[in-house]
Amino acid sequence: ASNDDMHSKRAHERRKMDSCIGVIDGKAYPIENWSNGGVLLHGDDRTFSLDDVKDITMKFKIADRVMDISHMGRVLRKGRDKFVIQFSPLTQEVDRKFKQVVDDYVTQEFISSQQ
């Protein structure tokens, strides 16, 4: 791999398949994709400034319930009604909950494939 490829490779795999929204300042935003490093949301990008630090609660539909995962991050990029929040380093609890979301998705996919 070239040096440029090494620098552009993502540290975390992006997930697009999960049913989830992000809530910031009491307003819900659809999530296009997320990873352990951050989240891409749809919404009025004019609401935020670059480098704003925001609390975000991600709400995931898993199995028979909704799991809330609250964390903090900063607005890294924005434009055309989309914006990216880069997460602050994950706490052990947030990391554990993200793993639960992924495990639930894999389990549900397996169950669906057996029917």
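**View 1. The largest nonpolar core of the predicted model has 21 residues.** A nonpolar core is a set of buried Ala, Val, Leu, Ile, Met, Phe, Trp, Tyr and Cys residues joined through side-chain atoms within 4.5 Å. Buried means under 20% relative accessible area, exposed over 50%, and partly exposed in between (1.4 Å probe, protein chains only). Trp34, Val39, Met58 and Phe60 have the most contacts inside this core. At least two core residues come from each of E1 (20-24), E2 (27-35), E3 (38-42), E4 (53-62), E5 (65-79), E6 (82-87) and helix H2 (92-113). The most, four residues, come from E4. Helices (H or I, at least four residues) and strands (E, at least two) are DSSP runs numbered from the N terminus.

**View 2. Six strands close into an antiparallel barrel in the order E1-E2-E3-E6-E5-E4.** On average, neighbouring strands of this sheet are turned by 45 degrees against each other, direction ignored. Two strands pair if DSSP finds at least two bridges between them. Antiparallel E2 and E3 are joined by four bridges, and Asn33 has Leu40 in E3 as its bridge partner.

**View 3. Helix H2 lies across E2, E4, E5 and E6.** H2 runs at about 110 degrees to E5. Axes are lines fitted to C-alpha atoms, for helices over the stretch in contact (heavy atoms within 4.5 Å); angles run from 0 to 180 degrees between N-to-C directions.

**View 4. Trp34, Phe60, Phe87 and Phe98 form one aromatic cluster.** Rings of Phe, Tyr and Trp (its six-membered ring) pair if their centres lie within 6.5 Å; planes under 30 degrees apart count as stacked, over 60 as edge-to-face and the rest as tilted. The count by this rule is seven aromatic pairs. In the tilted pair of Trp34 and Phe98, the ring centres are 4.7 Å apart and the planes at 40 degrees. This pair links strand E2, with Trp34, to helix H2, with Phe98, 64 residues apart in the chain. Trp34 is buried at a relative accessible area of 1%, and Phe98 is buried at 2%.

**View 5. The rings of Phe48 and Phe83 form a tilted pair.** Their centres are 4.6 Å apart and their planes at 40 degrees. Phe48 is in the loop between E3 and E4 and Phe83 in strand E6, 35 residues apart. Phe48 is buried at 1% relative accessibility, as is Phe83 at 0%.

**Notes.** Residues are numbered from 1 along each chain as its sequence is written, and side-chain values use heavy atoms, without hydrogens and water. In this predicted model, local features need pLDDT of at least 70 and side-chain atom pairs count only at pLDDT 80 or more, while totals for chains, interfaces and linings use all residues.
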